[in-house]
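Here are my notes on this model, as numbered points. Please read them with the coordinates open.

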Amino acid sequence: MHSLPLLLLLLWSVGSHGFPAVTSKMQEDDVEMVQKYLENYYNLKSNGEQIERQRKSSLVVEKLKEMQKFFGLKVTGKPDAETRKVMKQARCGVPDVAPFVLTEGNPRWESTHLTYRIENYTPDLPRADVDHAIEKAFQLWSRVSPLTFTKISEGQADIMISFVRGDHGDNSPFYGSGGNLAHAFQPGPHLGGDVHFDEDETWTSDFRDYNLYRVAAHELGHSLGLSHSNDIGALMYPSYIFSGDVQLSQDDINGIQAIYGPSENPVQPVGPQTPQVCDSKLTFDAVTTIRGEVMFFKDKFYMRINSYYPEPELNFITVFWPNLPSGLEAAYEVADRDEVRFFKGHKYWAVQGQEVLAGYPKDIYRSFGFPQSVKNIDAAVFEEATRKTYFFVADKYWRYDEYKRSMDAGYPKMISAEFPGIGKKIDAVFQKNGFLYFFHGTRQYKFDPKTKRILTLQKANSWFNCRQN
């Protein structure tokens, strides 16, 4: 096993340019982490054998590329900073490449009426909370499929659920807190369908540590025959992400229905779809600059670009701001205050960096002086040249003085009067390098506020350097 970490360390030195230097001890720890990650989740075979260096090099590179492609990272074959960051996230213990402990092929339950039993309980939560979390997790899947689930209190159930720690006899040991949170086995006899939660974790019913309902819902997908999804918005995505509400994406629904058929409900359920950054039909809810970066918001996701990483990043808003809601409608930055404001309905939140400031959300009426007839803000932008904030509502706009903390007199005015050619309604707007970028549907207008002219018209997602727009 000695040569494999050495190889990874050599690869590391090639792929870590541009990132701060780390101590040799940290490098050794991360090298071991990369090796174990590829062994556990991408079926990297080492078995302590001395393999010829070039062969081993190509094998490790191949597995790294496989992992990077799965997670939508830049495919380098090197353990770069973004790759290591993903590897360090808490996640499901089921591999992304199926190992020998899971049934091969495409297993499914022959019956659609299944039983489950909770063998023991975690001391982290009241028993009633555990029962409720597990029941809700089953309900997620039963609502979108013909499956039904019945809890039994003794005997052998189809799906046995337990809290265990360390080596618990299934050839898939846990290794303490963090890392593997839980694992489940695909349909079949004996261990088939069973779910094991790591008792070394702290299980909760809220945002803290690891939400039992969220993890259970994911693991039960494996119990029913689903593998991991590379759709970050899917419940079956391997990394633990808790965005506040637990729901099945359309990707999850398509997966379970491919195995068991459609729901028996007269109206087929649908789930949210994850934005695709290079979809020519992509639209945005809000766009703003944040400390020099441009961030785009859609449903519960953000997309961002920066000069350090060429690929656009897609992730949940709650990764940065756990207390912000999904479906944000407007956002703008006052850079000299290092403050960004997010709007939804008649409420808004102010953040600095990743911190939501105390006392928020506040309402737009008391803070900005909007009339009660304004129910939400469509778009907003702070213009550095005028030191004013422009709020867009339907076909009108207001102008707000950030330093006097009051609306300027004579507003609202028609959008078409001040910003000719961009249409009667704005979805999003931000300022960069003295120009305003307005978004309406799939269109983006680059506007010069000095000449009041449109300079270019492009697709809304043109910032993402997509090959086809």
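1. Tyrosine 348 first. At 5% relative accessibility, tyrosine 348 counts as buried (buried means under 20% relative accessible area, exposed over 50%, partly exposed in between; 1.4 Å probe, protein chains only). Tyrosine 348 lies in strand S14, residues 347-352. Helices (H or I, at least four residues) and strands (E, at least two) are DSSP runs, numbered from the N terminus.

2. Basis of the values. This is a predicted model, so to speak of local features takes pLDDT of at least 70, and side-chain atom pairs count only at pLDDT 80 or more, while totals for chains, interfaces and linings use all residues. Residues are numbered from 1 along each chain as its sequence is written, and side-chain values use heavy atoms, with hydrogens and water left out.

3. Surroundings of tyrosine 348. Contact means heavy atoms within 4.5 Å. Leaving aside neighbours within four places in sequence, tyrosine 348 is in contact with Arg341, Phe342, Phe343, Tyr360, Pro361, Lys362, Asp363, Ile364, Ser367 and Phe368. Asparagine 376 is 28 residues from tyrosine 348 along the chain, and their C-alpha atoms are separated by 9.9 Å.

4. Cis peptide bonds. Two of the contact partners of tyrosine 348, Tyr360 and Pro361, are themselves joined by a cis peptide bond, with omega about 10°. Proline 361 sits in the loop between strand S15 (355-356) and strand S16 (362-363). The peptide bond from tyrosine 411 to proline 412 is also cis, with omega near 15°. Proline 412 is placed in the loop between strand S20 (406-407) and strand S21 (413-414). Most residues other than glycine have a negative phi, and most peptide bonds are trans. Please check both sites.

5. Positive phi. Aspartate 299 has phi near 55°, a positive value in a residue other than glycine. Aspartate 299 is found in the loop between strand S9 (293-298) and strand S10 (301-306). With a relative accessible area of 37%, aspartate 299 is partly exposed. Asparagine 465 also has a positive phi, near 55°. Asparagine 465 lies in the segment after S25. With a relative accessible area of 65%, asparagine 465 is exposed.

6. Lysine 298. Is lysine 298 buried or exposed? Lysine 298 counts as buried, at 17% relative accessibility. The residue is placed in strand S9. Lysine 298 and phenylalanine 284 are 14 residues apart in sequence, yet 5.3 Å apart in space, C-alpha to C-alpha. Beyond neighbours within four places in sequence, lysine 298 is in contact with Pro275, Thr283, Phe284, Asp285 and Met303.

7. The disulfide. A disulfide is counted as a pair of cysteine sulfur atoms within 2.5 Å. By this rule the count comes to one disulfide. Cysteine 278 and cysteine 466 form this disulfide, with sulfur atoms 2.0 Å apart. The pair links distant parts of the chain, 188 residues apart: cysteine 278 is in the loop between helix H7 (250-260) and strand S8 (286-290), and cysteine 466 is in the segment after strand S25 (453-459). The torsion about the S-S bond is about -85°, so the disulfide is left-handed. Cysteine 278 counts as partly exposed, at 42% relative accessibility. Cysteine 466 counts as buried, at 12%. Cysteine 92 is buried too, with a relative accessible area of 3%.

8. Helix packing. The axes of helix H5 (residues 127-142) and helix H6 (residues 212-223) come within 8 Å and cross at roughly 45°. Axes are lines fitted to C-alpha atoms, for helices over the stretch in contact, and angles run from 0 to 180 degrees between N-to-C directions. H5 and H6 are therefore oblique to each other (under 35 degrees is roughly parallel, over 145 roughly antiparallel, 65 to 115 roughly perpendicular, the rest oblique). In H5, Val130, Ala133, Ile134, Lys136, Ala137, Phe138, Leu140 and Trp141 meet Leu212, Tyr213, Ala216, Ala217, Leu220 and Gly221 in H6.

9. Overall. The protein has 10 helices and 25 strands. Of its 469 residues, 51% count as buried. Among contacts with a separation of 6 or more, 56% are between residues 24 or more positions apart.
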